[in-house]
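Me: Could you take me on a close look at one part of this model, the open sheet, and what packs around it? I would like one connected account, with the cut-offs spelled out as you go.

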Amino acid sequence: MSPGKQASGGAAAPMAAGARLEAMRRRVRLSHVAIWTVIGAGPIALGVAVASTPTTVEAATSPKPTAAVRTRAVAADPAGYAQLFVHAWLRSSADDATSAQARLAHSMAPDVELPDRAAGAQSTPASVTAVHSAQRAGGAWSVTVAAQFADGTVQYYAVPVSADGAGASFAVTGAPGVVASPGRAEVPQSPYDVTVPDGDLSSAAGEFLTAYLTGAGEIDRYLAPGVQLTAADSPFSSVSVQQVLAVEETAAAGQIPADGTTVHVLAQAEARDALGRWPLAYELALTARSGRWEVSALESGTALDGGSR
């Protein structure tokens with residue numbers, strides 16, 4: 001290549017680079033002008049401009065590996081499925097395989113035989129309840145179901161059930177087996193071992209339970225600030241507290257302690273309605289404020305908004 005051509009080629013490269021740089025500067029200036037024009041036109045035009053402006057996303061020079069999000073599937077407990085099967089199986093008979101109960105039992109366990117009842121036998125249960133379930137390997141479960149009959153007797157059945165990986169479908173894999181009743185667990189010692197004498201604390205508990213269970217009076221007047229609770233839907237006409245036991249020794253004092261002091265009590269009550277007398281028990285937390293006790297938590301089954309459990 002001649003020196004002239006080399007010179008012209010060497011000059012052309014800077015010229016081309018300079019032209020590209022100038023073009024980029026013009027685009028930047030035009031973009032600035034467009035943006036200020038849109039801002040002057042108002043927020044609506046600015047929103048349209050932003051929405052219509054193409055966005056370029058550049059990959060990072062050293063991308064970090066994305067952590068995989070893993071969710072662990074929770075196996076569904078087939079206790080209800082086994083309960084429904086035993087309910088239908090005990091009410092079906094091999095002599096009437098077309099009955100609704102027999103068809104239901106067969107649909108849930110096609111390979112399980114139906115009971116063969118003696119003529120005139122009346123052994124259908126009054127209620128069926130699943131009382132225990134244990135998961136085995138490979139999606140297999142064993143569910144213990146209790147059937148209570150009209151004469152008061154209770155029979156327990158172990159039902160083998162298989163569940164799919166997602167826990168969305170089940171199948172009874174074998175006939176139920178009669179098993180012994182579950183053992184009775186040892187009752188732990190109650191933390192309520194302080195007797196509360198008749199006084200402000202027991203009266204506060206009794207007045208609250210009367211309003212809560214009978215709807216007599218405004219329940220809010222017995223609640224601590226920030227605590228919300230509606231009266232229970234019950235048919236009771238009267239409530240009387242028979243005994244109040246507490247966890248803290250403070251509850252046994254005759255005087256109301258300093259504001260903010262909280263005690264936990266077990267109020268044993270007697271409620272009456274048209275059908276008779278009903279012994280009930282409620283765990284309550286009461287907090288002292290302005291010389292009175294206020295209920296700050298109902299710990300027997302219902303959490304109070306603003307209260308503690």
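Reply: Happy to. Two strands count as paired if DSSP finds at least two bridges between them, and helices (H or I, at least four residues) and strands (E, at least two) are DSSP runs numbered from the N terminus. By that rule S9 and S10 are an antiparallel pair, held over six bridges.

Some ground rules before going further. This is a predicted model, in which local features need pLDDT of at least 70 and side-chain atom pairs count only at pLDDT 80 or more, while totals for chains, interfaces and linings use all residues. Residues are numbered from 1 along each chain as its sequence is written, and side-chain values use heavy atoms, with hydrogens and water left out.

Now the sheet as a whole. The chain has five helices and ten strands, and five of the strands make an open antiparallel sheet in the order S6-S7-S8-S9-S10. Strand S6 (194-195) and strand S10 (292-298) are the edges, each with a single partner strand, so one side of each has no neighbour in the sheet.

S6 runs antiparallel to strand S7 (residues 238-246), joined to it by two bridges, and here Val 194 faces Ala 246 of S7. Next, S7 pairs with strand S8 (residues 262-273) through eight bridges, again antiparallel; Ser 238 sits opposite Arg 272 in S8. Between S8 and strand S9 (residues 276-289) there are twelve bridges, also antiparallel, and Thr 262 has Thr 287 of S9 as its bridge partner. S8 and S9 form a hairpin with two residues between them.

For context, most residues other than glycine have a negative phi. Ser 290 counts as exposed, at 58% relative accessibility; the classes are buried for under 20% relative accessible area, exposed for over 50%, and partly exposed in between (1.4 Å probe, protein chains only). S10 itself is mostly covered, with six of its seven residues buried. Across the chain, buried residues make up 28% of the 309 residues.

What packs around these strands? A nonpolar core here is a set of buried Ala, Val, Leu, Ile, Met, Phe, Trp, Tyr and Cys residues joined through side-chain atoms within 4.5 Å. The largest such core has 33 residues, and those with the most contacts inside it are Leu 201, Phe 208, Tyr 212, Val 265, Leu 284 and Leu 286. H5, S7, S8, S9 and S10 each supply at least two of its residues, and H5 gives the most, with eight. Leu 286 shows how these pieces meet: leaving aside its neighbours within four places in sequence, it is in contact (heavy atoms within 4.5 Å) with residues including Leu 201, Ala 204, Val 263, Val 265, Trp 293 and Val 295.

Several of those names return at the largest pocket. A pocket is found on a 1 Å grid over the protein atoms alone, as an open set of points where a 1.4 Å probe fits, with protein on both sides within 12 Å along at least five of seven lines; lining residues have an atom within 4 Å of a point. Its volume, about 150 Å³, is the space filled by probe spheres set on the points, which are joined across faces, edges and corners. The lining is made of Asp 200, Ser 203, Ala 204, Glu 207, Phe 208, Tyr 222, Ile 256, Gly 291, Arg 292, Trp 293 and Val 295. Helix H5 (200-214) and S10 are the elements that give two or more residues to this lining, and H5 has the largest share, five residues. By class, the lining has six nonpolar, two polar and three charged residues, where Ala, Val, Leu, Ile, Met, Phe, Trp, Tyr, Cys and Pro count as nonpolar, Asp, Glu, Lys and Arg as charged, and the others, Gly among them, as polar.
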